[in-house]
Amino acid sequence: MTLQAASGLSREEWANRFAAVRGRTEALCESLEIDDFQVQSTIEVSPPKWHLAHVTWFFETFLLNEFAHNYRPFHPRFKYLFNSYYQTVGRFHPRPERSVLSRPTVAEIFSYREYVNHEMTRLIRNLGAEPWPEFASCLELGLHHEQQHQELLLMDIKHNFAANPLRPAYHEAPTADHAASVPLDWIDYAGGVHEIGHDGDGFAFDNETPRHQVLLQDYRLASRPVTNGEFMEFVRGGGYSDSRYWLSDGWALIQQRGWQAPLYWERDNGGWLEMTLGGVRPLRSEEPVCHVSFYEADAYARWAGKRLPNEVELEVAAGAQPVDGNFVEAGLMHPRPAQGADDRQWYGDVWEWTSSSYGPYPGFHALAGSLGEYNGKFMCNQMVLRGGCCVTPQSHMRASYRNFFYPADRWPFTGIRLAADA
């Protein structure tokens with residue numbers, strides 16, 4: 001299988017797009033102090049400077065090394081230091097030890113980015129016509145890969161800052177109006193045979209293909225995600241101490257880790273605070289609940305007498321809707337309340353857990369070569385999420401997008417939408 005066909009842009013348009021995506025990553029780091037670039041608060045996250053280097057490694061490894069004649073790598077050891085998990089490329093530095101890499105310095109990593117940017121821009125403008133289609137497809141994958149890391153960068157910065165007792169703010173959050181909570185309603189959807197998966201229009205990752213037919217029973221979806229106020233009822237009602245609502249692995253996990261509320265919630269003199277990228281602030285009941293694991297989402301759904309939707313139900317519901325919502329471009333970098341009864345929040349705000357295990361679609365074939373490791377080898381023991389979140393780039397999102405995390409993960413911007421059988 002080859003990569004998805006790239007759109008018909010001119011060479012100069014490709015160069016501008018490359019510069020825009022690369023520049024956006026660096027812009028996200030402008031508010032960081034030099035000390036912030038080194039922090040790795042837990043194994044799941046990476047230091048910001050590692051993100052900056054890894055996405056650069058991707059372009060160097062899969063584009064410059066493959067398509068640029070006599071390309072000279074910036075540093076011979078970077079191939080080892082900034083490889084994430086590509087076994088077919090070679091050995092790589094252990095993920096839990098990324099924080100020990102005081103060298104290369106932040107300045108050297110920015111020099112690495114500048115070097116690769118220059119070589120990539122020259123290659124985009126001068127590569128011959130014959131290898132161009134394959135190169136453009138790899139380039140598009142690389143740009144979407146960098147956008148994925150822009151999202152991960154913000155998730156990881158939030159976790160790093162939350163681990164600091166000073167609870168520093170990453171940015172000055174825009175003033176948000178205290179919107180009234182929108183009552184939860186239910187939307188009915190007809191079952192039958194539906195098609196899901198990428199339809200071939202524009203970019204998609206290989207795990208979104210092939211498009212295929214599925215059979216659904218009639219079902220219902222909540223008109224918006226679950227709010228903090230609604231989840232608080234679960235917390236105050238003893239949901240974390242009642243094993244009836246929990247899957248066995250989830251119950252064992254919350255006992256082991258002592259979870260009593262979503263990540264970043266803090267008790268304060270009888271009230272609750274929440275850590276955000278804008279610092280600590282009072283918990284707002286009307287906002288979507290965020291930073292819950294799959295186990296917590298599933299337990300809440302059981303407590304509410306409902307269930308989580310499967311990924312097919314969400315794609316069918318959202319597929320006819322424009323990809324619009326609270327994405328990173330809005331500048332909030334935090335979930336916002338529904339903006340009225342007609343705001344379904346299909347996209348943006350929070351990634352929505354589904355009951356679907358992450359696995360291949362019927363007829364799926366991973367990409368050839370090392371890029372086949374991008375998605376396919378993770379199709380085990382993870383759950384699918386849909387819809388994007390408040391730190392996702394809008395141009396990176398589409399109805400068929402399949403994100404995936406382990407069921408215990410809750411440092412991503414993960415939330416809940418309820419479902420029910422009709």
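Glu 108 lies in helix 4 of this predicted model.

Ala 419 gives another case. This residue belongs to strand 14, which covers residues 419-421. Its relative accessibility is 0%, so Ala 419 counts as buried. Ala 419 and Ile 187 are 232 residues apart in sequence, yet their C-alpha atoms are 9.4 Å apart in space. Beyond its neighbours within four places in sequence, Ala 419 is in contact with several residues, among them Trp 186, Arg 220, Leu 221, Lys 306 and Glu 313.

The chain as a whole can be described in the same terms. How many helices and strands does the chain have? Its secondary structure comes to nine helices and 14 strands. The radius of gyration is 22 Å, close to the 22 Å that the globule rule gives for 422 residues, so the chain is as compact as a globular protein of that length. The C-alpha trace spans about 65 × 55 × 40 Å along its principal axes. Of the 422 residues, 56% count as buried. The accessible surface comes to about 18000 Å², and carbon and sulfur atoms account for 49% of that surface. Contacts between residues at least 6 apart in sequence can be sorted by separation: 79% of them join residues at least 24 apart.

Next comes helix 1, which runs over residues 11-27. At 1.5 Å a residue, its 17 residues should span 24 Å, and the end C-alpha atoms are 24 Å apart, which agrees. Which residues of helix 1 are buried? They are Trp 14, Ala 15, Phe 18, Val 21, Arg 22 and Thr 25. These residues cover an arc of only 135 degrees around the axis, which puts them on the same side of helix 1. The buried residues of helix 1 pack against helix 2 (48-67), helix 4 (106-126) and helix 5 (132-162).

Helix 6, residues 228-236, also has buried residues: Asn 228, Glu 230, Phe 231, Met 232, Phe 234 and Val 235. Their cover includes strand 5, strand 6 and helix 8 (294-303). Just after helix 6, Gly 238 takes a positive phi of about 80 degrees.

Phe 231 leads on to the nonpolar cores. In soluble globular proteins, nonpolar side chains tend to be buried together. The largest nonpolar core here has 120 residues, and those with the most contacts inside it are Phe 135, Leu 139, Phe 231 and Ile 416. Helix 5 supplies the largest share of this core, 13 residues. Ile 416 touches Pro 225, Val 226, Phe 231, Val 289, Val 292, Ala 297, Tyr 300 and Leu 308, leaving out residues up to four places away in sequence. A second, separate core has five residues, including Tyr 358, Phe 364, Val 384 and Phe 404.

Most residues other than glycine have a negative phi, and most peptide bonds are trans. The peptide bond from Arg 103 to Pro 104 is cis, with omega near 5 degrees. Pro 104 sits in the loop between helix 3 (78-81) and helix 4. Another cis bond joins Thr 209 to Pro 210, with omega near -5 degrees. Pro 210 is in the loop between strand 2 (192-196) and strand 3 (212-216).

Positive phi values are found at Asn 269 and at Asp 349. For Asn 269, which is not a glycine, phi is about 50 degrees. Asn 269 lies in the loop between strand 5 (265-268) and strand 6 (271-276). For Asp 349, phi is near 65 degrees. Asp 349 is in the loop between strand 9 (347-348) and strand 10 (351-357). Is Asn 269 buried or exposed? Asn 269 is exposed, with a relative accessible area of 83%, whereas Asp 349, at 0% relative accessibility, counts as buried.

Technical notes
Residues numbered from 1 in each chain as written. Predicted model: local features only at pLDDT ≥ 70, side-chain atom pairs only at ≥ 80, totals over all residues. Heavy atoms only, no water. Helix = DSSP H or I, 4+ residues; strand = E, 2+ residues; numbered from the N terminus. Expected span 1.5 Å × (residues − 1). Buried < 20%, exposed > 50% of the residue type's maximum accessible area, 1.4 Å probe, protein only. Arc of directions from axis to C-beta. Contact = heavy atoms within 4.5 Å. Core = buried A, V, L, I, M, F, W, Y, C linked by side-chain atoms within 4.5 Å. Rg over C-alpha atoms; globule rule 2.2 N^0.38 Å. Areas by Shrake-Rupley, 256 points an atom, 1.4 Å probe, with all protein chains shown as cover.
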